[in-house]
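Visitor: I'd like to go through this structure with you, a topic at a time. Could you start with whatever term we need for the surface?

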Amino acid sequence: MAGENWPLEKNFSFNHLPSKTPSFLQDRDVLKLLMKWSMLGRISAQSYSFDQCFYPYDSETFVLSFFRDPNVVSTLRRMEAGAWLPLDKPVVSVDVEPVQCTQVSMELFDPLYSCGIVRASGHLVKCFHDVYPDYNELRLMLHEEDSEHYHVVGREERGEFLFRLFKHLCVGGELCQYEDNIEPYINTTKQIYKDLISVQKDPETKKISVVSTVFKVCAYDDSGRCFPQRREEEQTFAFAIVDPFKRHMTLFYHCYGVGNMCT
């Protein structure tokens, strides 16, 4: 849903948390995979604290306040032509899309192991494709609705932040070198997800549930779309992940292109 240039009903204030760096951006094995997938140097996660109670119905006001806050403007970078640049013009509007986030395990991916996409060894089953000679059933299932395996993961589950994250990693950047085994995708998805999402355990039922609220976001200045990148591309994305109890928000984003060639 698109935000208009309206007076803010509530002014959230934000402070950058430079010391709150997620573990996946410090893990050499993950960084090597991101380099292989042409995402290294183009994927980022920046955390901020905020000063008021957050409620999902405040999401557009919250996100617009975020992109207009001086503490955010001075620390946030967008990518153009392979370079990280500051937000040089005021943000006038935002798009905010709620993203379902309920998963607390990797069971969502179990059907991939039992339907002919993944062998018992974890290796991905190869398949014929008219355009790409080195294709596999996983990529086919992720991209093409007429794939026989497309619906092994239901529409609702495909909308989950966990699955979206997995798909983004599988597709990768412009010079992505694809994996022959599913495990690097699964393990990296799990680590990034755990870094970004907050959970809590019910003291009575012992049930674990997600407390984070997730939105897909983009911002516009008076020239048009400005964050995370001016050009719109499926693999250019930004997710705002809000922990309402800690009053922390992490902006997790990626700009499609050629990633760094060394860690």
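Guide: A residue is called buried under 20% relative accessible area, exposed over 50%, and partly exposed in between. Please also keep in mind that this is a predicted model.

Visitor: Okay, so why does Val104 count as partly exposed?

Guide: Val104 has a relative accessibility of 46%, and it therefore counts as partly exposed. Val104 sits in the loop between β5 (93-99) and β6 (126-127), and together with Val199 and Ile208 it makes a nonpolar surface patch of about 250 Å².

Visitor: Switching to charges, how many salt bridges are there?

Guide: The structure holds 8 salt bridges. One of them pairs Lys36 with Glu179, where the closest N and O atoms are 3.1 Å apart. Lys36 belongs to helix α1 (residues 28-36) and Glu179 to the loop between α6 (161-171) and α7 (183-196), so this pair ties together parts that are 143 residues apart in sequence.

Visitor: And are Lys36 and Glu179 buried or exposed, or something in between?

Guide: Lys36 counts as partly exposed, at 29% relative accessibility, whereas Glu179 counts as buried, at 8%.

Visitor: Which residue does Lys126 pair with?

Guide: Lys126 forms a salt bridge with Asp180, and the closest N and O atoms are 3.1 Å apart. Because Lys126 lies in strand β6 and Asp180 in the loop between α6 and α7, the pair ties together parts that are 54 residues apart in sequence. Lys126 is partly exposed, with a relative accessible area of 43%, and Asp180 is partly exposed, with a relative accessible area of 43%.

Visitor: Say I zoom in on Leu138; what is it in contact with?

Guide: Leaving aside neighbours within four places in sequence, Leu138 is in contact with Leu112, Ile117, Leu124, Phe166, Cys170, Ile182 and Tyr185.

Visitor: Where is Phe54 found, and what does it touch?

Guide: Phe54 is in the loop between β2 and α2 (59-68), and at 6% relative accessibility Phe54 counts as buried. Not counting residues up to four places away in sequence, Phe54 touches Ser59, Phe62, Thr213, Phe215, Val242 and Pro244. If you want a distance to check, the C-alpha atoms of Phe54 and Met106, which are 52 residues apart along the chain, are separated by 28 Å.

Visitor: You mentioned α2; how many of its residues are buried?

Guide: In α2, 9 of the 10 residues are buried, so the helix is largely enclosed by the rest of the structure. The buried residues of α2 are Ser59, Glu60, Thr61, Phe62, Val63, Leu64, Ser65, Phe66 and Phe67.

Visitor: Last topic: how many disulfides does a search of the whole structure find?

Guide: That search finds 0 disulfides. For Cys127, the closest cysteine sulfur is that of Cys115, and at 12 Å it is too far for a bond; a disulfide needs a pair of cysteine sulfur atoms within 2.5 Å. Cys255 is in no disulfide either, since the nearest cysteine sulfur, that of Cys226, is 11 Å away.

Visitor: Are Cys127 and Cys255 buried or exposed?

Guide: Cys127 is buried, with a relative accessible area of 14%, and Cys255 is buried, with a relative accessible area of 0%.

Conventions
Residues numbered from 1 in each chain as written. Predicted model: local features only at pLDDT ≥ 70, side-chain atom pairs only at ≥ 80, totals over all residues. Heavy atoms only, no water. Patch = residues over 30% accessible without salt bridge, like charges linked within 9 Å, V, L, I, M, F, W, Y side chains within 5 Å. Areas by Shrake-Rupley, 256 points an atom, 1.4 Å probe, with all protein chains shown as cover. Salt bridge = Lys/Arg side-chain N within 4 Å of Asp/Glu carboxyl O. Helix = DSSP H or I, 4+ residues; strand = E, 2+ residues; numbered from the N terminus. Buried < 20%, exposed > 50% of the residue type's maximum accessible area, 1.4 Å probe, protein only. Contact = heavy atoms within 4.5 Å.
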